[in-house]
Each structure stands twice: as C-alpha cells, then as structure tokens.
Amino acid sequence: MAGKENRRIKDVGTLKALAHPLRANLYRLLSVARVATASQLADQVDEAVSLVSYHLRKLAEHELIEEAEPQSRDGRERWWQPSSDGVTIRDADFRDAPEKAAAHTAATRLFHEQRADLYRRYLDERAAWGPEWNTASQDSESWLRLTPVELAELGEELLAVLRKYDEKGRAAEVAGETEGRENVALHVYGFPFRI
C-alpha cells in the first residue's frame, strides 16, 4: 500500500459499504495498524473472527482494503491492508439525487459519532496518558468569517500540514525510531453556521 493517494469515493455502494458501523471501525483500525489479520482485528472490536472476516471481505469487494503480504510463517491467516492512504468523501459527488445525499449525510453522521466516541475515550483515559501527552493534546474552537473559496483553501492547507507530519511519522517508523510515538487522531471540521 505504501504511498498510494487517498481514494475518492464517488458511488453510493462503496459509501454504504464503508458506512456500516463495524466496517468503518475495522477500516480505521486497519489504517492505524497498516496490516492486520481478522483475528487481530476481532480482538480489538470484541467480535467473532468469522464476523470480522465477513466484513473485511465486504470492504475488499469495494476495493477499500486488499490482501497484504503475509507477515508470519503461518500461511493460514489472511493479512489485510488498506488499498490507499485513506478515503475522501465529497458532498459534490452525492448531491445530484436525494437518495445519494441522504446516504452521504447518514455516513457523515456515523463517522462523526465514531470520532466523538474516540475523543470521549481519550477524555476518560486522560489521567493514564501523563502530562506530556495531555499538554500536547489539542482541543480548540475557532470562529472565522470566510467565503466558500477561503474555507476550501484553508482545508487544503491543513491537509498539506497533516500530510507533512504523517510522512515524518512514517519515515521515523521505517527508520526504527518508535520511541515515544503513539497513534494520534486529529479531527478538523470546517462548516458554515448562522446565529
């Protein structure tokens, strides 16, 4: 998978495949692990291996994940990896029909709820992370006055910064520099509102 760009999801079938709660969670876990077996993922989601295997095959049918090179000598286990560095889902690809717009909204709500659950878990476990991680953790809100063009530009600039740090972290891992590194989630939302 190394170095594959984000995959832009444009069809409702793929969006619905990813928007299943367990599949979305499995995709996220696999993206973090980079390679894993159904057994490893089943342990993390507390589900039966057979159920996890089924949902992994569904993700593979939509080319969201793919088989990876075996990571052990045990040839009985299938290893999986994301088929790209991530996915991009844009409103513009789903607004031309009410059922497509509804599917996009439902998927977006699910992804938001799962992100919020991840952040709530961090808050519940904050004491265990220690002062360095708690000081480095971010939680902020900004109130800006922008045009749609400026908001799009801001999003692109933020993504460029995220890619820079993602590449830095991946390069460090390849070099064996894992000391002090943890998985970090960064959720950024930019949307209009009226008071």
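Helices (H or I, at least four residues) and strands (E, at least two) are DSSP runs, numbered from the N terminus. On that basis, tryptophan 129 and tryptophan 133 both belong to helix H5 (residues 98-136), four residues apart, about one turn of the helix. The model is predicted: local features need pLDDT of at least 70, side-chain atom pairs count only at pLDDT 80 or more, and totals for chains, interfaces and linings use all residues. Residues are numbered from 1 along each chain as its sequence is written, and side-chain values use heavy atoms, with hydrogens and water left out.

**The sheet**

- Three strands form an open sheet in the order S2-S4-S3, with antiparallel pairing; two strands pair if DSSP finds at least two bridges between them.
- Strand S2 (36-37) and strand S3 (65-67) are the edge strands, each pairing on one side only.
- S3 and strand S4 (residues 79-82) run antiparallel and are joined by three bridges; within this pairing, isoleucine 65 has proline 82 of S4 as its bridge partner.
- S2 and S4 are also antiparallel, paired over two bridges, and threonine 37 has tryptophan 79 of S4 as its bridge partner.
- In a regular strand the side chains alternate between the two faces of the sheet.
- In S4, Trp79 and Gln81 point one way and Trp80 and Pro82 the other way, and all are buried (buried means under 20% relative accessible area, exposed over 50%, partly exposed in between, with a 1.4 Å probe and protein chains only).

- Helix H2 (residues 21-33) has 13 residues and should span 18 Å at 1.5 Å a residue, which agrees with its end C-alpha atoms being 18 Å apart; the expected span is 1.5 Å times one less than the number of residues.
- The buried residues of H2 are Leu22, Arg23, Ala24, Leu26, Tyr27, Leu29 and Leu30.

**Aromatic pairs**

- A search of the whole structure finds three aromatic pairs. Rings of Phe, Tyr and Trp (its six-membered ring) pair if their centres lie within 6.5 Å; planes under 30 degrees apart count as stacked, over 60 as edge-to-face and the rest as tilted.
- One of the three pairs is formed by tryptophan 129 and tryptophan 133, which are edge-to-face at 6.1 Å centre to centre, with 70° between the planes.

**Salt bridges**

- Side chains of opposite charge can pair when their charged atoms come close.
- The structure holds eleven salt bridges, each being a side-chain nitrogen of Lys or Arg within 4 Å of a carboxyl oxygen of Asp or Glu.
- Arginine 34 forms a salt bridge with glutamate 173, and the closest N and O atoms are 3.0 Å apart. Arginine 34 lies in the loop between H2 and S2 and glutamate 173 in helix H6 (residues 148-174), so the pair ties together parts that are 139 residues apart in sequence.
- Arginine 34 is partly exposed, with a relative accessible area of 26%, and glutamate 173 is likewise partly exposed, at 39% relative accessibility.
- Arginine 120 forms a salt bridge with glutamate 113, with the closest N and O atoms 4.0 Å apart. Arginine 120 is partly exposed at 41% relative accessible area, and glutamate 113 is partly exposed at 42%.
- Aspartate 117 also forms a salt bridge with arginine 120, with the closest N and O atoms 2.5 Å apart. Aspartate 117 and arginine 120 both lie in helix H5, three residues apart, about one turn of the helix; aspartate 117 is partly exposed at 43% relative accessibility.
- Elsewhere, salt bridges that share partners join Asp85, Asp166 and Arg170 into one network.

**Glycine 169**

- Glycine 169 is placed in helix H6 and is buried, with a relative accessible area of 17%.
- Glycine 169 and glutamate 182 are 13 residues apart in sequence and 9.8 Å apart in space, C-alpha to C-alpha.
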